[in-house]
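Come along and keep the 3D view at hand.

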Amino acid sequence: MRILGLDYGTKTTGVAVSDPFGLTAQGLEIIRRTDEFNIKPTIARIKELCEEYKVEKIVLGYPKNMDNSEGERCEQTKKFKQKLEGNLRLPVELWDERLSTVSAENMLISADMSRQKRKKVIDKVASTIILQNYLDANPNKTSI
């Protein structure tokens, strides 16, 4: 069963996909938006990816605050989740993404990647970390 991992932000959405066995996550792409309120093209691209990879579930990064409270980004993420479920007819599970971007940044810094190059891939790497953390925590939910 393939699972799509998403790191949803105001201007970009990082996308990762699991292997068919649900063991590993691979970064796919970053979907960019010029208007943060127009998410129709983002949803359309996610739908294309779900069809291409025969995705059965989506894991959506949930940006809780470090004190476990929920802020404005959580509300926007919940609205995005509802739109995904309504348009794609797939289950969407929220997954705590705290520190995923920090982990991605540290990983890219340790790979000696320049700031400019990091900026271009950070959301894709963060989506991969979100999905891999989900797969590691739920091995029985993803096996065939």
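**Entry 1: Aromatic rings**

I began with Phe80, which is buried, with a relative accessible area of 1%. A quick reminder to myself: this is a predicted model.

Which ring does Phe80 pair with, and is the pair stacked or edge-to-face? I counted two aromatic pairs in the structure. In one of them, the ring centres of Tyr8 and Phe80 are 3.9 Å apart and the planes are at 5°, so this pair is stacked. Planes under 30 degrees apart count as stacked, so the 5° between Tyr8 and Phe80 settles the matter.

Then I looked up where the two partners sit. Tyr8 belongs to strand β1 (residues 2–8) and Phe80 to helix α2 (residues 72–88), so the pair ties together parts that are 72 residues apart in sequence. Tyr8 is buried too, with a relative accessible area of 10%.

My next stop was the pair of Trp95 and Tyr134. Their ring centres are 5.1 Å apart and their planes stand at 90°, so I wrote this one down as edge-to-face. The cut-off for that label is over 60 degrees. Trp95 is in strand β5 (residues 92–96) and Tyr134 in helix α4 (residues 115–137), so I noted a link between distant parts of the chain, 39 residues apart. Tyr134 has 0% relative accessibility, so Tyr134 counts as buried.

How many residues of β2 are buried? I found that seven of its seven residues are, which makes β2 mostly covered. In a regular strand the side chains alternate between the two faces of the sheet.

With β1, the pairing is antiparallel and runs over five bridges. Leu6 stands opposite Val15 of β2. The two strands β1 and β2 make a hairpin with three residues between them.

With β3, the strands are again antiparallel, and I counted seven bridges between β2 and β3. Here Ala16 has Gly27 in β3 as its bridge partner. The hairpin of β2 and β3 has six residues between the strands, and in this hairpin Gly22 takes a positive phi near 70°.

I also stopped at Pro20, which lies in the loop between β2 (12–18) and β3 (25–32). Is Pro20 buried or partly exposed? Its relative accessible area is 35%, so I wrote down partly exposed. Pro20 and Arg2 are 18 residues apart in sequence, but their C-alpha atoms are 5.1 Å apart in space.

**Entry 2: Cysteines**

How many disulfides does the structure hold? I found zero. I looked up two cysteines anyway. Cys50 counts as buried at 6% relative accessibility, and Cys74 counts as buried at 0%.

**Entry 3: Salt bridges**

Side chains of opposite charge can pair when their charged atoms come close. I counted six salt bridges in the structure, and I followed some of them.

One joins the side chains of Glu29 and Arg45, at 2.8 Å from N to O. Glu29 is in strand β3 and Arg45 in helix α1 (residues 40–53), so I noted another link between distant parts of the chain, 16 residues apart. Arg45 is partly exposed at 26% relative accessibility. I also saw that Glu29, Arg45 and Glu48 are linked in a network of salt bridges.

Another joins Lys57 to Glu93, with the closest N and O atoms 2.9 Å apart. Lys57 lies in strand β4 (residues 55–62) and Glu93 in strand β5, so this pair ties together parts that are 36 residues apart in sequence. At 12% relative accessibility, Lys57 counts as buried.

Lys78 is partly exposed at 30% relative accessibility. Glu70 is partly exposed as well, with a relative accessible area of 41%.

Definitions and conventions: Residues are numbered from 1 along each chain as its sequence is written. This is a predicted model: local features need pLDDT of at least 70, side-chain atom pairs count only at pLDDT 80 or more; totals for chains, interfaces and linings use all residues. Side-chain values use heavy atoms; hydrogens and water are left out. Rings of Phe, Tyr and Trp (its six-membered ring) pair if their centres lie within 6.5 Å; planes under 30 degrees apart count as stacked, over 60 as edge-to-face and the rest as tilted. Helices (H or I, at least four residues) and strands (E, at least two) are DSSP runs, numbered from the N terminus. Buried means under 20% relative accessible area, exposed over 50%, partly exposed in between (1.4 Å probe, protein chains only). Two strands pair if DSSP finds at least two bridges between them. A disulfide is a pair of cysteine sulfur atoms within 2.5 Å. A salt bridge is a side-chain nitrogen of Lys or Arg within 4 Å of a carboxyl oxygen of Asp or Glu.
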